[in-house]
Structure formats: C-alpha cells, structure tokens
Amino acid sequence: MGLRALQSCASRSTFIWPIKGCPTGIIAHPLLQYPDIPGAKGNSESCSFHTSSLLCWDRPKGPQSWPKNNKLKFPPTPLGEEQRPAFVCHMKTNIKYSPSKMWYVACLVRGLRIDDAINQLKFVHKKGSVAARETLEEAQKIAVRDHNVEFPSNLWVSESFVGKGMVIKGFRRHARRRMGVVEYKYCHYFVTLEEGEPPEHYYHFRRNLTPQEMLQEWLEEQRMRTINLSL
C-alpha cells in the first residue's frame, strides 16, 4: 500500500487509541481497520506505525546518584569520639545556564554559613545565582525536615560545584549562505550542607603558616634548587 492509499484510508476513517509514554495520551491512527498492512495488528502496543515520536520526547532527567548520599547509613559513633555532624546533599538539574558561568557562583558560597551564602547570592546579578539560592533554601528545608537538624541556621556549605548538562545545537545564518553552530548549554548544580560551624579556612593554602611550617617550606625550596656548575 503506497502513500496515496494510506492518505485515502486516513480520510475515510480514523481511530483514536492510547499510546504508552505519550504525554498527550492518545493519537489518531488510520491503520487499525486494515490488518493486511505490516505493523497494523489489532493491538495498539504492538503497532509501530505512528507519528508521536516528537510528542513523546522527554527531556533527560540528569544525574540521579547524588541524592542517594542522603540514604547512607553509618555505624554508631564509638564512645569518646566526636559525634558525626549531620549533612544533606541536594541538587538542581537542567539549569538553562552555561557551566563555566555557573562555576563562579558555586565558588562564591563555599565554606560560608547558610544564611551568609543566601544573603550573598541575593546581591549577585547573575542568572545562576537565583538557581543556586533556590537550591540552598530547598536543602535547608530538607535538612530540618528529614535529617533532624534542630536549628536551620546552624548549617554551612561544605560542597558546592557544577556539572555539565545537555547541549542542544542550533544554527545561525551568516553571510554568503553559510551557517554557524549555536550551542544552548545546560548545567547541574550540586550542594552539600553540614551541621555545625564552618572551618576558619576552607582552602588550606589560604591560611597563615606557622613559623615551623614556614621554615620547613623554605628548607624544601633550598633542597629542590639547582646550582649551576656544581658537582
């Protein structure tokens, strides 16, 4: 049966039948009356001839393993040792923002208290700061609701980083019938909140060295130096 025959069949009668996974739920299909056509059996699930591929496309959900860290179970803390602080992992996926631009926002809030991080993001005039602030506020609520954190303000940002999401490519017209590729980038934002006070220096290389450490560093530099025309 050719294309014109199919068009004539569709003009005579059309049936509405459901399709699994399709957001619209139903689609018109003219082949259910004609069992002699390949693929047009009576069962709607076994029929492979339909035009709902664009309607059934679903956006990728992104990473799924990061929230599983909240379900980790640790053994009881031995008597006399420091109690393990509570923590919560949260993320926001498929943010319509470039990962390289979101990196600056993620680095800003590392090592800050949760209230200070949210206040700082309110004054950052970037698109990614809104998504980061929403993620921090959601993680704060989850910590109080599900992880037995007594005070919502007794949290600090221990981890804050960005992951690359999907990249949709488009085209832009140029002169002399040429085309340019345009990339629409998405990113994922990950954050971890811990209970307690943040460390004095989040990055160890930014802290002031003690006199003994300064002497040890100087000795290492002297041992690694190269003396010309020496034995």
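User: Which residues make the nonpolar surface patch of about 370 Å²?

Analyst: In this predicted model, one member of the patch, M179, lies in strand β5, which covers residues 179-195. M179 has a relative accessible area of 52%, so it counts as exposed. The residues that make the patch are F171, M179 and V181.

User: How many helices and strands are there in the protein, and which pattern do they follow along the sequence?

Analyst: The protein has 5 helices and 5 strands. Read along the sequence, their pattern is α-β-β-β-α-α-α-β-β-α.

User: What percentage of contacts between residues at least 6 apart in sequence join residues at least 24 apart?

Analyst: The protein has 231 residues, of which 29% count as buried. Among its contacts between residues at least 6 apart in sequence, the share that joins residues at least 24 apart is 63%.

User: How far does helix α4 reach from its first C-alpha to its last?

Analyst: Helix α4 spans residues 127-146, which makes 20 residues. At 1.5 Å a residue, the expected reach is 28 Å. The model comes close to that, with a reach of 29 Å.

User: What covers the buried residues of α4?

Analyst: The buried residues of α4 include A131, A132, L136, A139 and I142. Both helices and strands take part in covering the buried residues of α4. The cover includes α2 (99-108), α3 (114-122), β3 (87-95), β4 (155-173) and β5.

User: Which residues does Y189 touch, not counting residues up to four places away in sequence?

Analyst: Y189 is one of the core residues that touch the most other members. Its contacts beyond four places in sequence are H90, M91, K92, I95, M102, A106, V109, A132, T135, S160, F161 and V162.

User: Is T192 buried or exposed?

Analyst: T192 has its place in strand β5. Leaving aside neighbours within four places in sequence, T192 is in contact with W66, F87, V88, C89, W156, V157, S158 and E159. The cut-off for a buried residue is under 20% relative accessible area. Because the relative accessibility of T192 is 3%, T192 counts as buried.

User: How many residues apart in sequence are the parts that E134 and K92 tie together?

Analyst: E134 forms a salt bridge with K92, with the closest N and O atoms 3.5 Å apart. E134 lies in helix α4 and K92 in strand β3, so the pair ties together parts whose separation in sequence is 42 residues.

User: Where do E137 and R133 lie?

Analyst: E137 forms a salt bridge with R133, the closest N and O atoms being 4.0 Å apart. E137 is partly exposed at 29% relative accessibility, and R133 is partly exposed at 23%. The two residues are 4 residues apart, about one turn of the helix, and both lie in helix α4.

User: Which residue meets R145 in a salt bridge?

Analyst: The structure holds 6 salt bridges. R145 counts as exposed at 57% relative accessibility. In its salt bridge, the N to O distance is 3.3 Å, and the partner is D146.

Key. Residues are numbered from 1 along each chain as its sequence is written. This is a predicted model: local features need pLDDT of at least 70, side-chain atom pairs count only at pLDDT 80 or more; totals for chains, interfaces and linings use all residues. Side-chain values use heavy atoms; hydrogens and water are left out. Patches are made of residues with over 30% relative accessible area and no salt bridge: like charges are joined within 9 Å, nonpolar side chains (Val, Leu, Ile, Met, Phe, Trp, Tyr) within 5 Å. Accessible areas come from the Shrake-Rupley method with a 1.4 Å probe; for residues, only the protein chains shown count as cover. A salt bridge is a side-chain nitrogen of Lys or Arg within 4 Å of a carboxyl oxygen of Asp or Glu. Buried means under 20% relative accessible area, exposed over 50%, partly exposed in between (1.4 Å probe, protein chains only). The expected span of a helix is 1.5 Å times one less than its number of residues. Contact means heavy atoms within 4.5 Å. A nonpolar core is a set of buried Ala, Val, Leu, Ile, Met, Phe, Trp, Tyr and Cys residues joined through side-chain atoms within 4.5 Å.
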